[in-house]
Structure formats: structure tokens, C-alpha cells
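Q: I have just opened this entry and would like a guided look at it. Could we work through it together, one topic at a time?

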Amino acid sequence: MRYAVVYLSDTGNTKKIAEEIFLALPEGKKKIVDLKKDAFPDADLYFIGFPVKYNYCSTPILDLLECLNNKELAFFSTCGLSPTEEYKKMIFKNIQPWINESCTVRGYFLCQGKSVDSYKESLKDNDAVVKEAFESMVSEGDTHPDDRDFDSAFSFAESIMRGT
């Protein structure tokens, strides 16, 4: 089986998680690809990573999903907010329409990461209660991804490989 870890990363968070997932894959036919720089590889199982922006992934990821047929997919992403299970389900629901029905989705991993400065700056426009809540979550993200996130990403990839 051929494996590919493909990702987009703005702040480096998603890249770090991609590298951890790549380490968990068996030696042999595996590639790691930064979609901003590298050609898209052919694989049987794709781990597709992206930073969450406005509860979504970026257009290049959506375009990629529309082109994949009869592949196995596993998703991973990073977000500046607390990665609750409810938030994770919402993000996945937002990308599902772009996933071809012939593909099999094997899982989705989400962890917190550092927010881009422009997002932090935009928090100033919120009312005091919203601003305080979001600033707390965003400042927590400045320490992520951390070792626990890396361990979880590695375990996620191992579980995908085992089919569990």
C-alpha cells in the first residue's frame, strides 16, 4: 500500500502534525507533501491536513477532495480554538460535500495550534465577553501543538493503519 501525508500549513502547526503522522507510517512507500511546494503524489491512503479557517478548510483542499476517487482518506487539522468534539464534527460536516462517494473516510484528527496574528487582531472588534472568551482560547493555542498533541497524532495514524 502507498501512503501520502499531504498538507497545507500557515503557521507551521499543521506541518508539525503532518511530520508526526508521517513518522507513524510504515517504512517504504510513503511520502510527505507540502501542497504549496510539492507535486501531488499517487497513493492508496491519504492523510490530508489543513489549518481550520472560519470553521472550514481552504479552497485548495476542497479542490483536491473533488479530484480523489476510490481512495482511502484520513484527515487532520489544527485550529486556534479549543478542539472540542462538537467543533470537530462541525468542521468535518462542512467538508463532507466535497468528498467523492467512492472514497472511504477512515478518521479525522483535530488539535489546537497557534492562531495567525490577523485572527488575534480581529478579536479586538468583538464585545468584551466574546473577546475575553476567544482571547483565552487563542492564548492557550500559543503553546500548541505540544507533546501531547504529537503523541495523539502519532496514535491516530497508528489506529488508521490498524483499521480501528
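Q: Where is Lys30 found?
A: Lys30 is found in strand β2, which covers residues 30–34. Please keep in mind that this is a predicted model.

Q: Is Lys30 buried or exposed?
A: Lys30 has a relative accessible area of 13%. Buried means under 20%, so Lys30 counts as buried.

Q: What does the side chain of Lys30 reach or contact?
A: The side chain of Lys30 reaches the backbone oxygen of Phe22 at 2.9 Å. The Lys30 side chain also makes a polar contact of 3.4 Å with the side chain of Glu27.

Q: And where does the charged end of Lys30 sit?
A: The charged end of Lys30 sits over the ring of Phe22, at 4.3 Å from the ring centre.

Q: Let us step back to the whole chain. How many helices and strands are there?
A: The protein chain has six helices and five strands. Read from the N terminus, the order is β-α-β-β-α-β-α-β-α-α-α.

Q: What share of the residues is buried?
A: Of the 164 residues in the protein chain, 45% are buried. The chain exposes about 8800 Å², and carbon and sulfur atoms supply 48% of that area.

Q: Now helix α2. Which of its residues are buried?
A: Helix α2 spans residues 59–67, and Ile61, Leu62, Leu64 and Leu65 are buried there.

Q: What do the buried residues of α2 pack against?
A: They pack against strands β1 (3–7), β3 (45–51) and β4 (72–79), and against helix α3 (85–95).

Q: On to helix α3. Which residues are buried, and which are exposed?
A: Tyr87, Ile91, Phe92, Asn94 and Ile95 are buried in α3. Because they cover an arc of only 155 degrees around the axis, they are on the same side of α3. Glu86, Lys89 and Lys93 are exposed on the other side.

Q: Why would residues a few places apart end up pointing the same way?
A: An α-helix has 3.6 residues a turn, so residues three or four places apart point the same way.

Q: What covers the buried residues of α3?
A: The cover includes β3, α2, β4 and β5 (104–112).

Q: Which residues does Ile95 touch beyond four places in sequence?
A: Ile95 touches Phe50, Cys57, Leu62, Leu65 and Phe75. Ile95 is buried, with a relative accessible area of 0%. The C-alpha atoms of Ile95 and Cys57 are separated by 7.4 Å, although the two residues are 38 residues apart along the chain.

Q: How does Met90 count, in terms of accessibility?
A: Met90, also in helix α3, counts as partly exposed at 32% relative accessibility. Met90 and Asn55 are 35 residues apart in sequence and 7.5 Å apart from C-alpha to C-alpha.

Q: Next, Ser77. Where is it found, and what does its side chain join?
A: Ser77 is found in strand β4 and is buried, with a relative accessible area of 0%. A polar contact of 2.5 Å joins its side chain to that of Tyr108. Not counting residues up to four places away in sequence, Ser77 touches Phe50, Val52, Tyr108, Phe109, Leu110 and Cys111.

Q: Lastly, which residues form the aromatic cluster?
A: Phe50, Phe75, Phe92 and Tyr108 form one aromatic cluster. With ring centres within 6.5 Å as the rule for a pair, the count comes to six aromatic pairs.

How values were computed: Residues numbered from 1 in each chain as written. Predicted model: local features only at pLDDT ≥ 70, side-chain atom pairs only at ≥ 80, totals over all residues. Heavy atoms only, no water. Phe/Tyr/Trp six-rings, centres within 6.5 Å; stacked < 30°, edge-to-face > 60°. Lys NZ or Arg CZ within 6 Å of the ring centre and 35° of its normal. Helix = DSSP H or I, 4+ residues; strand = E, 2+ residues; numbered from the N terminus. Buried < 20%, exposed > 50% of the residue type's maximum accessible area, 1.4 Å probe, protein only. Areas by Shrake-Rupley, 256 points an atom, 1.4 Å probe, with all protein chains shown as cover. Contact = heavy atoms within 4.5 Å. Polar contact = N/O pair within 3.5 Å; in protein donor to acceptor, adjacent residues only side chain to side chain. Arc of directions from axis to C-beta.
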